[in-house]
Amino acid sequence: MPSSFQTHASQSYLIIARSSPYVSQQARAALDIALTAAAFEQTVSIVFMDAGLMQLLKGQQADAADMKNIGKIITALKLYEVNRILVHQESVDKHNLDPAEFVEAVEVVTGDEIKGLIAAADQVMVF
Amino acid sequence: MILHTINKNNEALERCLSLLREEDAVLLIEDGVYAALDSEENETVWSNLSPDIKKYAMVNDLAARGISDRMLPFFETIDWSGFVSLSLEYEKVISWG
C-alpha cells in the first residue's frame, strides 16, 4: 500500500490547535489529524493555544450549532493514544481559565517549552 | 531551523513570531505581505525581532497588492523558485494561517 504512514518509520507530530470550535472546520480538522496519525501509531502531541483553548471548555452544547461536540472528541484523544495533550500557559492566563476545569486532563507548558517541542517534532501543523 | 510561512496579517502572525527561535526564518506570502507595509506598528513588530531571524516576503504577492515600494527594509524578497530553495534549506516548514 503506498501509504507513507505504513512504509516509513514512525514520525512525531505536533498539532497546534489555535482555532475556536464551531466557527469553521479548523478545530475539527486538527483533532481528526491527531486521531488519524495516532491510529497509525505515530507519536502525536497536541497543544491548544489562543482561541483553541475554547475547545476544552466543559458544557459545550454542539447540537445548538448543528455540529459534533468538539469537547467530546477531545476526550477520545487519549483512548486513541495521542501521547500528550498540552495547553499554552500564557493563553490560559490571558483567558483567565482554569485547566482543572477542562474536559480532559492537560499538561500546562510555557511558550519556551513549546518552542522546544516545535523544534523536536518531525512534523508541525497549525490549525 | 524552521521556515515559518504566514499568509494572513492577523494574530496568527503575532503568535508565530512569539514562538520563533534565532535560527528560524519567516516568509510572508499572500495577505501576510501586508505585515511588511511601512507603518509604525509594523516597524515596531519587526524591529523587536532578533536580526538573526531571516525575513522574506514573496515578490509576486507584494507586486499584486501594489506594496513593493512601500515595504519596511527588514525583508528580502523572493520568488517561487526562491521559496522552493528555502523549503529545501530548512529542516521543516510550518504554515501559519
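Predicted model: local features only at pLDDT ≥ 70, side-chain atom pairs only at ≥ 80, totals over all residues.
Val33(B) counts as buried, because 27 C-beta neighbours lie inside 10 Å of this residue, and the cut-off for that label is 20 or more.

**Val33(B) and its surroundings**

- Val33(B) is found in a loop of chain B, the one that runs between the strand β2 (25-28) and the helix α2 (40-47).
- Leaving aside residues up to four places away in sequence, Val33(B) touches Leu28(B), Ala57(B), Met58(B), Asp61(B), Leu62(B), Arg65(B) and Ile67(B).
- Between Val33(B) and Leu17(B) there are 14 Å in space, taken from C-alpha to C-alpha, while in sequence the two are 16 residues apart.
- The average pLDDT of chain B is 97, and 100% of its residues score at least 70.

**Helix α2 of chain A**

- Helix α2(A), which covers residues 26-39, has 14 residues and reaches 20 Å from its first C-alpha to its last, close to the 20 Å expected at 1.5 Å a residue.
- The buried residues of α2(A) are Ala27(A), Ala30(A), Leu31(A), Ala34(A), Ala37(A) and Ala38(A).
- Because these residues cover an arc of only 135° around the axis, they are on the same side of α2(A).
- An α-helix has 3.6 residues a turn, so residues three or four places apart point the same way.
- The elements against which the buried residues of α2(A) pack are β1 (12-17), β2 (43-48) and α3 (70-74) of chain A.
- Just after α2(A) comes Glu41(A), which takes a positive phi of about 60°.

**The sheet of chain A**

- Five strands of chain A form an open sheet with parallel pairing, and their order is β4-β3-β2-β1-β5.
- At the edges of this sheet are β4 (107-109) and β5 (123-126) of chain A, each of which pairs on one side only.
- From one strand to the next, the twist averages 25°.
- The strands β1(A) and β2(A), which run parallel, are joined by six bridges, and Ile16(A) stands opposite Val47(A) in β2(A).
- Helix α2(A) packs on the sheet, where this helix touches β1, β2 and β5 of chain A, and the direction of α2(A) makes about 165° with that of β1(A).

Conventions. Residues numbered from 1 in each chain as written. Chains lettered and ligands numbered in written order. Helix = DSSP H or I, 4+ residues; strand = E, 2+ residues; numbered from the N terminus. Expected span 1.5 Å × (residues − 1). Buried ≥ 20, exposed ≤ 12 C-beta atoms within 10 Å, placed from the backbone. Arc of directions from axis to C-beta. Contact = placed C-beta atoms within 7 Å. Pairing = 2+ DSSP bridges. Axes fitted to C-alpha atoms, helices over the stretch in contact; angles between N-to-C directions. pLDDT = per-residue confidence, 0-100.
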